[in-house]
Amino acid sequence: MAENGKVILVLADGLRADTAMHEMGFLESAVAHGRASRRVMLCELPSLSRSLYHTIHTGLPPQVHGVISNDMVRTGEHDNLFSLARAAGLRTAAAAYSWFSELYNHTPFDPVMDREVDDESRTIQHGRFYKDGAFPDTELFRAADMLVRRFEPDYMLVHPMGCDHIGHLHGGESAIYKQTAANIDNLLALSAPGWLECGYQVLVTSDHGMDAEGWHGGTRQEVRAIPFYHLGVEEGRPVPETASQLSVAPTVLKLLGQPVPPSMTAPAL
Ligand SMILES: [Zn+2]
């Protein structure tokens, strides 16, 4: 595993593992050619966004970190990828939904003043945040590309909302949900090779899945099974063992060349 690297974490909100494997031909071709590894993860519970954003960034289950509802609007406690990167003197960035600004910069989100953030003193130093779940994934990826070129962050979160938004409207087995996943795959095909050339390791995962009726939050397989791709590995392959979502945070820290705090007990992948 490469160390002292830079990491881009793409969190495709509401993306099911089976949809990723069936519809995301760029990612799957990278796996087939040994340029990426792919795992299936089971997300923590409740299978809700705000809870799992913080789980992905702290390596802690919601019962431990305390953000156990989407309606808990507060700044997240505990060491997290952004705060640990900042403490190590690394540069942080995010193109993400407003809840990330609330979790790591400040709350409540001001849709005017918090929309664009370039402030070295913030936990997320360079942020481009959106408030509308219908914000186009295409624009989101352009913002991410801009952040890479302008600021060369060491850790950057890229957070497209399309699958979650469309999944709630049309269900997680609808044609348009699958097309939305395919669009994110295409956006990755356009952006990821450049990120890899710039020396980034690129991880692609999700917070939770989506059921056929357009919901998530509970325990069923279709809302818990999510993908985890790693582009930039030496010898990529599909890994048959199911991984824990708690492993995302220590994996990112290891790729950044940073120590993993004792609070993160799951192994790095
Ligand atoms: Zn949702």
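Hi everyone, let's begin just past helix α8, where Gly-171 takes a positive phi of about 95°. Before I go on, please keep in mind that this is a predicted model.

So what about α8 itself? Within this helix, Gly-162, Cys-163, Asp-164, Ile-166 and Gly-167 are buried. Which helices do the buried residues of α8 pack against? Their partners are α7 and α9.

Let me take α9 as the partner first. The axes of α8 and α9 come within 9 Å and cross at roughly 175°. An angle over 145° counts as roughly antiparallel, and the two helices are therefore roughly antiparallel to each other. On the α8 side, the contact is made by Gly-162, Cys-163, Ile-166, Gly-167 and His-170. On the α9 side, you will find Ile-176, Tyr-177, Thr-180, Ala-181 and Ile-184.

Now for α7, residues 137-151, and its meeting with α9, residues 175-197. Their axes come within 10 Å, with a crossing of roughly 15°, and this pair is therefore roughly parallel. The crossing of α7 past α9 is right-handed. Among the α7 residues that take part are Phe-141, Ala-144 and Val-148, and the α9 residues they meet include Ile-184, Leu-187, Leu-188 and Trp-195.

If you follow the chain out of α7, you reach Glu-152, in the loop between α7 and β6. Is Glu-152 buried or exposed? With a relative accessibility of 52%, Glu-152 counts as exposed.

As background, the ideal angle for four tetrahedral donors is 109.5 degrees.

Let's move to an earlier part of the chain. Helix α3, residues 49-58, is mostly covered: 10 of its 10 residues are buried. Those buried residues include Arg-50, Tyr-53, His-54 and His-57. After α3 comes Gly-59, with a positive phi near 70°.

There are also cis peptide bonds to point out. One runs from Leu-45 to Pro-46, with omega near -5°, and Pro-46 is in the loop between β2 and α3. Another runs from Thr-107 to Pro-108, also with omega near -5°. Pro-108 lies in the loop between α6 and β4.

My last stop is Ala-268, in the segment after α11. This residue is partly exposed, at a relative accessible area of 29%. Which residues does Ala-268 touch, not counting residues up to four places away in sequence? Ala-268 touches Ser-247, Pro-250, Thr-251 and Lys-254. The C-alpha atoms of Ala-268 and Lys-254 are separated by 7.1 Å, and these residues are 14 apart along the chain.

How values were computed
Residues numbered from 1 in each chain as written. Predicted model: local features only at pLDDT ≥ 70, side-chain atom pairs only at ≥ 80, totals over all residues. Heavy atoms only, no water. Axes fitted to C-alpha atoms, helices over the stretch in contact; angles between N-to-C directions. Helix = DSSP H or I, 4+ residues; strand = E, 2+ residues; numbered from the N terminus. Parallel < 35°, antiparallel > 145°, perpendicular 65-115°, else oblique. Left-handed = near helix turned anticlockwise from the far one by under 90°. Contact = heavy atoms within 4.5 Å. Buried < 20%, exposed > 50% of the residue type's maximum accessible area, 1.4 Å probe, protein only.
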